[in-house]
Every structure is written in C-alpha cells, then in structure tokens.
Amino acid sequence: MKNLEILIERYPVLDVCKGDIAMATAAMVHSYETGGKTLLCGNGGSCADCDHIVGELMKGFLKKRPMSEEKKEEMMSACSELEYGLLSKLQCGLPAISLPSITALGSAFNNDVDPELTYAQAAFALGKRGDIFIGLSTSGNAKNVCAAAKVAKALGMTVISFTGEGGGKLAALADIAIRVPECETYKIQELHLPVYHAICADVEEHFFSE
C-alpha cells in the first residue's frame, strides 16, 4: 500500500487512522475480487465527495487501465458494429454508485415516503452481501446516512465510515471507522479527500499494475 505510506508522510496527523485506512483498502479489494461494488452517500460537501470517489474508481485515476485485447475481441464478436477504435478509448472501471446522484429516486422518496430514508431505500434496492457501503458524515450523526448504514449492514455489506474524530453514531455502526483528527467541518473534509485518494490509488494499484 505505497499510497498509504505517501499519505502519512504528507499528512502525519493521519497516522492515527493508518490502520483503519489500510483495512478499508483491503476490504474494497476483497469486495471487487469477489464481484462486489461500492455504494456511497453523504450530504453537502460529503455528497460531493461521493461523486469524487466514484470518478476515481470508475475510470483511470493514476493509471490508464486499458482494456485487454481479449476483452476487445470478445466484445467485437458479440457486436459486429463495435469499432476497435472505440474500445481502445475505454478504460476498465471498478463499479461504484453515488446514491445522492440518483435524483429521481431521491425526489420521489423524499416526497412520497420519508426524506431521512432515501439513502436507505437506495442501499436496500442496490446492495447485496459482499458489497462495500461508504458513509461520509463530518459529525457522524447524519440521520439519513446512519439509516442507510444500518440497512447496508443488515444486507451483509461491509460498512466504512468517514467522520471527524468524534465518530458519532455512524462510526459506532461501521465495520471500519476512519475518524480523522479534526472537529470542524471544513477541516474534516480537507482530510477526507487525501484519505480517499490514497485508498482509491491503492485499490487501483492492486488491480491495474501497468
């Protein structure tokens, strides 16, 4: 996990989280190796972080992730209209879904049922045993994120939390709790970003060596 070592070198304050960050990376690697995916949710800046993480997982982050020639041939055999040049521009992705980005579900469930359970509904519909659930909440007490974490855990997903040092209810629910050593919202978010960059980079390194 070379990117974890680089992270701690650049941000020594995060050394207290090193073990949990390593466990989160290992859990994600195991999930992807066994056909899993990652679901994420958060509010405000943490919502934006969900989209950011998805962007790093679903395409090349530090590596190009080219499709293998065997995969290209397989796909062209299945669709004769598919051009080699098109496939040559595609990059291998690690499946991840930002639950806040499902806006139609969000608006419908908010209006028809319960706004606090929108993420829980999405997690219930999309999640399965072996998947990863990442909940981001600077306080650790966001009710909608905690509700989704409970559903994810009940489904057999591995729950990873990103919070401030207090951890709140979310950290107590999590299988792996990353509690960065800050208390103010913007300072917590400033540390969440390099943490998830290191995790995404090390997960990518595991699957895409070139």
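**Exercise 1. Strand pairing**

Identify the residue of E2 that is the bridge partner of Leu39, and describe how E1 and E2 run.

*Solution.* In this predicted model, Leu39 has Ile97 as its bridge partner in E2. Strand E1 covers residues 38–41 and is joined to E2 by three bridges. The two strands run parallel.

**Exercise 2. The sheet as a whole**

Determine the strand order of the sheet, its edge strands and its average twist.

*Solution.* Step one concerns the order: five strands form an open sheet, arranged E2-E1-E3-E4-E5, and the pairing is parallel. Step two concerns the edges: strand E2 (96–98) and strand E5 (176–179) each pair on one side only, which makes them the edge strands. Step three concerns the twist, which averages 15° from one strand to the next.

**Exercise 3. Helices on the sheet**

State which strands helices H3 and H8 meet, and give the angle of each helix to its reference strand.

*Solution.* Helix H3 (residues 45–58) lies across E1, E2 and strand E3 (132–136). The direction of H3 is at about 160° to E2. Helix H8 (residues 143–154) also packs on the sheet, where it touches E1, E3 and strand E4 (158–163). The direction of H8 makes about 165° with that of E3.

**Exercise 4. Aromatic pairs**

Classify the two aromatic pairs of the structure by their geometry.

*Solution.* A pair of aromatic rings is described by the distance of the centres and the angle of the planes. For Tyr32 and Phe207, the ring centres lie 6.3 Å apart and the planes stand at 85°. Planes over 60 degrees apart count as edge-to-face, so the pair of Tyr32 and Phe207 is edge-to-face. This pair links distant parts of the chain, 175 residues apart: Tyr32 belongs to helix H2 (residues 18–33) and Phe207 to helix H10 (residues 185–207). For Phe207 and Phe208, the centre-to-centre distance is 6.5 Å and the angle between the planes is 55°, a tilted pair. Tyr32, Phe207 and Phe208 form one aromatic cluster.

**Exercise 5. Accessibility in the cluster**

Decide for Tyr32, Phe207 and Phe208 whether each residue is buried or partly exposed.

*Solution.* The cut-off for buried is under 20% relative accessible area. Tyr32 has 10% relative accessibility and therefore counts as buried. Phe208, at 15%, is likewise buried. Phe207 has 27% relative accessibility, so Phe207 counts as partly exposed.

Definitions and conventions. Residues numbered from 1 in each chain as written. Predicted model: local features only at pLDDT ≥ 70, side-chain atom pairs only at ≥ 80, totals over all residues. Heavy atoms only, no water. Phe/Tyr/Trp six-rings, centres within 6.5 Å; stacked < 30°, edge-to-face > 60°. Helix = DSSP H or I, 4+ residues; strand = E, 2+ residues; numbered from the N terminus. Buried < 20%, exposed > 50% of the residue type's maximum accessible area, 1.4 Å probe, protein only. Pairing = 2+ DSSP bridges. Axes fitted to C-alpha atoms, helices over the stretch in contact; angles between N-to-C directions. Contact = heavy atoms within 4.5 Å.
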